[in-house]
Amino acid sequence: MQGIAGNFSDYWDLVKDVWQTGVLGHSIGDILIAIGIFGVFYVLRGLFTRFVLAIADRWVDRTETKIDDYIRDAIRSPLRFLFFALGFFFATEYLAFEDVARTFTENLNRSLIIVAIFWALYNCVGPVSQGIKKLERVLTPEILDWLIAGAKTAVVLVAAATILQTWGIQVAPIIAGLGLFGVAVALGAQDLFKNLIGGMSILIERRFGFGDWIKVNGVVEGTVEKIGFRSTLVRQFDKAPVYVPNQHLSDNAVINYSAMTYRRISWKIGVEYRTTHEQLQRICDDIRAYLASADDFVQPPFAPLFVRIDSFGASSIDIMVYCFTRTTVWGEWLEVKEALAYRIKQIVEGAGTGFAFPSQSIYVETLPLSADEVVAARKSDDA
């Protein structure tokens, strides 16, 4: 029995030694306490979200201005992350690491603080952009979108440089090395720079903007959704996305249908050749009267409007109908054009004539002899 008791005593001493030795010179008890400290801040994070941020949400919702909404949304996630950083800081301070471990934990704590600060700055770029919407009178929304993207990229780069400096990594030599590396890469990245310059020229010239319907012959036709640094996203009418390099949009002719002031209708109405002068005049006058009375069509001098006898075709007398609609929306324009077609058909039929269709007339100078005439001719010749 004494031997068994001695073995248990030795085992208990071994357990206490393991408990006291722990990890990196800290007992398991200290490590559990540090985890508990971190857990307390994690719980505080949840309470802060549930009560403090909830009260802030109710207060912000009662105000009429939108600035406080933007600020709240910008700092919400960084504040929640700050509790994580605080928990980690107090847990590592309790453990009181030494030498290399202490340097590592200090750098890690500094990095977490930098992440929280620059995360808030990154999120604040959006609210700041909302506050400078008045600049859209000078700068297009597309240019502002580029500036916002550039500002966010700058925040990320500065944050990365700050973290590297915290860990003792010098940024200047890296930048110098990238400069030499960039010279070599530039030779193989000419298309990238061409597309970047092409995107800048598109924004400066204001060729098109978000939501515009554009067409580049042989390249794409659709609605612009996003203008990026390298390519532009154009969604075709079948909803398929097309990523077009900016170089193609800057070097080629771009038709911007959304920039139309009015939309044109150009028809040739062919009526039959049996149509009389009075019928032709009545048709032209009635079509002209309809175009002048309908609010859907633009009247001179703001846009030309013509209803004239245009030409004598191969099988019809052609009447030119040339006018512009107020709407430039494709669906609405189709409705206006359909109503005009119905009205022209009523006018032509009401005038007592009809639409011509391709036809040919054959004129015979003499008809062949009938059978009786052939017999009579033969008898005459025999006599």
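User: Is C323 buried or exposed?
Analyst: Quick heads-up: this is a predicted model, where local features need pLDDT of at least 70, side-chain atom pairs count only at pLDDT 80 or more, and totals for chains, interfaces and linings use all residues. Residues are numbered from 1 along each chain as its sequence is written, and side-chain values use heavy atoms, with hydrogens and water left out. Buried means under 20% relative accessible area, exposed over 50%, and partly exposed in between (1.4 Å probe, protein chains only). C323 has a relative accessible area of 0%, so C323 is buried.

User: How many disulfides are there?
Analyst: A disulfide here is a pair of cysteine sulfur atoms within 2.5 Å. C284 is buried too, at 7% relative accessible area. By that sulfur rule, the disulfide count is 0.

User: Within what arc do the buried residues of helix 10 fall?
Analyst: The buried ones are W333, V336, L340, I344, I347 and V348. An α-helix has 3.6 residues a turn, so residues three or four places apart point the same way. The arc is taken from the directions from the helix axis to the C-beta atoms. Seen down the axis of helix 10, the buried residues line one face, because they fall within an arc of 105°.

User: Which residues are exposed on the other side of helix 10?
Analyst: The buried residues of helix 10 have cover that includes strand 6, helix 9 and strand 8. Over on the other side of helix 10, the exposed residues are E335 and Y342.

User: How far apart are the end C-alpha atoms of helix 10?
Analyst: The expected span of a helix is 1.5 Å times one less than its number of residues. For the 21 residues of helix 10 that should give 30 Å, and the end C-alpha atoms agree, being apart by 30 Å.

User: How far apart in space are V224 and F208?
Analyst: V224 sits in strand 2 (residues 220-227) and is buried, with a relative accessible area of 2%. Leaving aside neighbours within four places in sequence, V224 is in contact (heavy atoms within 4.5 Å) with several residues, including F208, F210, I214 and L233. V224 and F208 are 16 residues apart in sequence, while their C-alpha to C-alpha separation in space is 8.0 Å.

User: Where is K239 found?
Analyst: K239 has a positive phi, near 70°, and is a residue other than glycine. Most residues other than glycine have a negative phi. K239 is also exposed, at 61% relative accessible area. Its place is the loop between strand 3 (231-235) and strand 4 (241-245).

User: What is omega for the peptide bond from P300 to P301?
Analyst: P301 lies in the loop between helix 9 and strand 7 (306-312). Most peptide bonds are trans. The bond from P300 to P301 is cis, with omega near 10°.

Notes:
Helix = DSSP H or I, 4+ residues; strand = E, 2+ residues; numbered from the N terminus.
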